[in-house]
Amino acid sequence: MNSPLNALLVVVLALNLFALGTSRLVTVIKIVSLQGVLLGLMPLMIEEHVEWESLLAMGGTILLKGAVIPWMMMRAIREVEIRREMEPLIGFLPSMLLGALATGLALLFSKSLPLASEHTAPLLVPASLATIFVGFILLTTRAKAITQVMGYLVLENGIYIFGLLLLGVIPLMVELGVLLDLFVAIFIICIMVNHINQAFSSLDTRRLSELKE
Amino acid sequence: MNMFIHLVLMLAMPPLLLGVINKTKALFAGRKGPPLLQSYYDLIKLARKSVVISRTTTWIFIAAPVVTLTSIAMAGLLVPLGPFGAPVSFTGDLILFAYLLAVGRFFTTAAALDTGSSFEGMGAAREVTFACLSEPILFFALLVLARISGSLALGDLLHAPLDAGGQGDIASLVLVAIGLFILLLAENSRIPVDDPNTHLELTMIHEVMVLDHSGPLLGLILYGASIKLFVIGAVLLHVLFPFQSGSALLDWGVFVAEMLGVAVAVGVVESTMARLQMRHVPYLLIAAILFCAFGFVLLVR
Amino acid sequence: MFAAALALVAGGVPACCLSRHSVRAQRATSVLMVLGSLLGWCGLAMASFGTSAVEAGLPWHLPWEQRLSIGLDAIGAVFLIPVFTVPMLGSIYGLAYWRQGDHPENGRGVGLFYGLLAGSMALVVLARNAILFLIVWELMALAAFFLAGAEHEKAEVRRAGWIYLVATHAGTLCLLALFALMRQASGGFAFGVLDAGALTPGMVTLLFILSVVGFGFKAGLMPLHVWLPGAHANAPSHVSAVMSGVMLKMGVYGMVRMISLLPISEAWNGGALLAVGAVTGILGIAFAIGQNDIKRLLAYSSIENIGIICMGIGMALLGRTLHRADLVLLGLGGALLHVWNHSLFKSLLFLNSGAIIHAVHSREMNRMGGLAKPMPQTAWLFLIGAVAICGLPPLNGFASEWLIYLGLFQGPTTGVGAVALALIGALALACFVKIYGMVFLGTARDPLHGEPHDPSAAMRHPMALLAAGCVVLGFLPHLGFPLLHAAASQWLDPAGGAALPEFEEFAPAQWISAVAVGLVAAAGLGYALLRRRIRRTDAAVGATWGCGYAQPTPRMQYTGSSFGDVLVGLFGWVLRPRTSRPALKKLFPDRVEFACEVQDTVLHGLVLPVFRRAAAAMMKLRRLQQGRLDLYLLYLLVILIVLLSWGRHLGL
């Protein structure tokens, strides 16, 4: 049993639901960055002896997800001057309930998966599935580009949790590569957000359909 | 001896918690704030005052503060403090605990309706409505603890986290702790659910129900409310910081410190969060239900 | 000896009612009713001190069954106690409430059918074979129909009566099928344990579903409850008390009895019953909160309580299939104790609502208010009923819910049921704070007709007795434990009686008594001290603080609708409240009206539209109805030929 890890994972799950239930963009960014920091700490709980390589990866993750990306997002928000997600496709309460349902199903479903025994005791698999699903909900039901970015980040966090299962197998370079990819993606999206805002004076991605002829 | 300390703490300490909360809020706001013992002075002052009673009221209006205080104090006897046992403990007292709190709610809301004031009716309606959402939180939390401990007596059940000693159920306990903290805020009318210091009757929950109570009646109500904070705080502490050193004196000291810590935490939440819109309160409570329900699912899956 | 006593109750009660048109006749009816009930109580006492199960038989000349057998056992005794209590008190109450002189046109009918209802209910519990059971079951249903339709000059009453009649016969249809299939399995109509070997699992499931649906119509399980609110609201109050307090329990009795006979071995049956109970409870009380008619509200709350009872039975069944004696004991014990409790406090509340309606001439709660001052005793009695029905300690509702909770906490995944029960409890509290506050507290919202006052002794004393019952069972719940224990062990094994652990192992009820005494003593002492303190310092009396508004009127008080508004909104997905909210257009808007109503979703959303469709489709068949006798004779001939050829085809 790896109970401190499980404790962190349920906090991650709780943060998912809060992210779904709030309408303030700043809160969502804070929640997701906190989630990133927690994820960064997790390798510490899994490995018995920590090597400098994984420490490097951890430090990179925490720095990027906990500081750099939130800072970029905050800047983006400040420049485009929006605070709240106003018109979600499904309301905040229903999306929260949907997320809860997904989490519950993930908990039940992961039990029936044919996993190695060392992978079933911690909640890694259900937490990963649930987080990925919550990311999808955020991506698909929110209209503002910023929230969609947050959804993308939550999705990535879910994948990261899954990656923890394979910790020690993945070479350092791959992990750093993933982080770099993420950073570049967010960077580009932040630039795009600015441009969308300039072009449409709104961040509603539904209006992008006006671009087609 | 421990039972005596239990009684003394339960009856004497609660108003101090209010003082600590207010002090914390004042420090956050950069004020000096009222003295820590201000709640005691207030209670003494109220006890000396005379009473104004509305013409429309019946005996319920006078009885409600007493009944509420008695039932909450009874509930407090069932909850063990720190690693010590509870004065009254038997199989099935966890349900009695929940229902004793409900007795208080029945009479408080009935007394509010007794005045015939529409504002107080509004407060009573909100109180019973939100109680419908906070009751499932409490029961899911109790279910998780009952399953971990295998006991249905609060005296043993709340010591489950202590006995489990950091074994695999931590995940459930973390979820339950989050749920119970929200329950603590909601049941004791704190921000973000209700603002105890608000000025507009339209936006109150608990304060508006007691608008017409004055003098010793109001004093009893405030005192009862602080005991409720203490009791639910004690339940939360079992999940949050299970601690036992073996030395009774040290344990009592740690318990008192922990309880003050809860008050500080409530003060911090009140200082840093805005109050939720009334129609958003159910979201928070439903989220808390979901957390505790996850805790249960994790255990039984 | 004992069977004879019971037969006298059953026979004597209805027969006595065929008297004339005077108050004296009504009094005679009541006296006979009381005598019969007391005789019944004596019989019960003798039986429970004597042997465990008594059976008696009389020769009977029906083609299928040669003996008319009746019998009494522990399960029956549990259900007979309300049968011998509530109708008796109700008939005394009726002396003042439904005075023969005031209701010359229907007083006699009410007397007759009231007695018939009581007698047939006793026989339903006593019947030991299916034919007798069905006959008295139908007798009970029809007596209730005529009672509910006592004021048949009103269209609303007639409508509720018809809905009831259709619903009860739909239930009876299921029961006919059930007993026919059981006869195939066991070879006779006598009630006996069915052999597991003689039945396929599918057949057992079918029988289980038939009995739950058939008896569920009578008990009022959630989608089958459509008749209940209308019939209860429109019957005279003492009749509503008997219908809700006792007649619904006959449906519960049937369910308990049949499930004890069926060899159910799969766990999902119990789980399903538990879930149905939870849904019935939650939705029943949610609908109750939306009601503004005091009797409709009480009727929906009966549905909620049936849900709680059903949860207990489901848990007991689960325990039986999983071989968990503790679940059986706590589940069935709690359910049966709740049967008693509900018959006590719900009858009390219905009788009380009668007194209220007498006083204000309306059932609309939003027009009432402030009745605690002119009617202090009624208010007291109502408060006892309301606290008891919310399941709050020190009264009896707590004891039974406590047993069910304890079982739910011990079961495998039944904990979710405990949360459902907690939700039901919190909703019930909201509901009964609303009704008590709206009726008795504050000030009258509409001007009163005349001067309301406490009802006469004949109406008050029955209520006081019921309230005393609530208090006694609340303080000393273990008084009922021996009988409940016997019933549970008999339910587990109808043939021999299984050995079950004692209640005390799981539910230390003496603690409940101790806490109840402590609570009442401490609160009473505190109240007395506070009263003295207030009197010593001369409390000032003033108007309610209006938050700065100088001229509040009683109409501005929070009404029942506004009190329940948020909760109704939270349950809006199923309650579907209908509001008519006029738009305010002009600068100085005209007088507008706002209305909010919660109708029965199942009845108005599903049953009535389907029936309307069906009626439209059936209109096509009217072409067959020509009104010519020779044509009808032709129909008969054709059908006869068809039947005969079908019979030959089947080789009969």
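Analyst: A cavity is a set of grid points where a 1.4 Å probe fits but cannot get out. The model is a predicted one, so whatever follows is computed from predicted coordinates.

User: How many cavities of 30 Å³ or more does the rule give?

Analyst: Rolling a probe the size of a water molecule over the atoms shows where empty space is left. Here the count is 11 cavities of 30 Å³ or more, and the largest cavity holds about 150 Å³ of space.

User: Which residues are the closest to the centre of the largest cavity, and which helices contribute to its lining?

Analyst: The lining of the largest cavity has 13 residues, and those closest to the centre are Gln26(C), Ser91(C), Gly111(C), Tyr114(C) and His238(C). At least two lining residues come from each of α2 (23-49), α3 (74-97) and α4 (107-126) of chain C. By class, this lining has 8 polar and 5 nonpolar residues, with no charged ones.

User: What lines the second largest cavity, and how do its residues divide by class?

Analyst: Of its 15 lining residues, Gly82(B), Pro83(B), His238(B), Phe241(B) and Phe243(B) lie closest to its centre. Two or more lining residues come from each of α11 (216-240) and α12 (248-272) of chain B, and α12(B) gives the largest share, 4 residues. The division by class is 10 nonpolar, 3 polar and 2 charged residues.

User: Turning to the interfaces, how should I read the area buried between chain C and chain B?

Analyst: Buried area is the accessible area that two parts lose on being put together, and it is summed over both. Between chain C and chain B the area comes to about 6,000 Å², of which carbon and sulfur atoms give 78%. In chain C, the residues that lose the most area to chain B are Phe409(C), Thr544(C) and Tyr558(C), which together account for 11% of what that side buries. The contact itself joins 72 residues of chain C to 72 residues of chain B.

User: Which element gives the most to the side of chain C that touches chain B, and how many residue pairs in polar contact cross the interface?

Analyst: The rule finds 16 residue pairs in polar contact between chain C and chain B, counting pairs with both residues at pLDDT 80 or more, whereas the count of salt bridges is 0. Elements that give two or more residues to the chain C side include α13 (376-389), α14 (396-410) and β3 (540-542), and α15(C) gives the most, with 17 residues. That side divides into 52 nonpolar, 16 polar and 4 charged residues.

Methods:
Residues numbered from 1 in each chain as written. Chains lettered and ligands numbered in written order. Predicted model: local features only at pLDDT ≥ 70, side-chain atom pairs only at ≥ 80, totals over all residues. Heavy atoms only, no water. 1 Å grid on protein atoms, 1.4 Å probe; cavity = no way out; pocket = protein on both sides within 12 Å on 5 of 7 lines; lining within 4 Å. Points joined across faces, edges and corners; volume = space filled by probe spheres on them. Nonpolar A, V, L, I, M, F, W, Y, C, P; charged D, E, K, R; others polar. Contact = heavy atoms within 4.5 Å. Buried area = accessible area lost by both parts, 1.4 Å probe. Salt bridge = Lys/Arg side-chain N within 4 Å of Asp/Glu carboxyl O. Polar contact = N/O pair within 3.5 Å; in protein donor to acceptor, adjacent residues only side chain to side chain.
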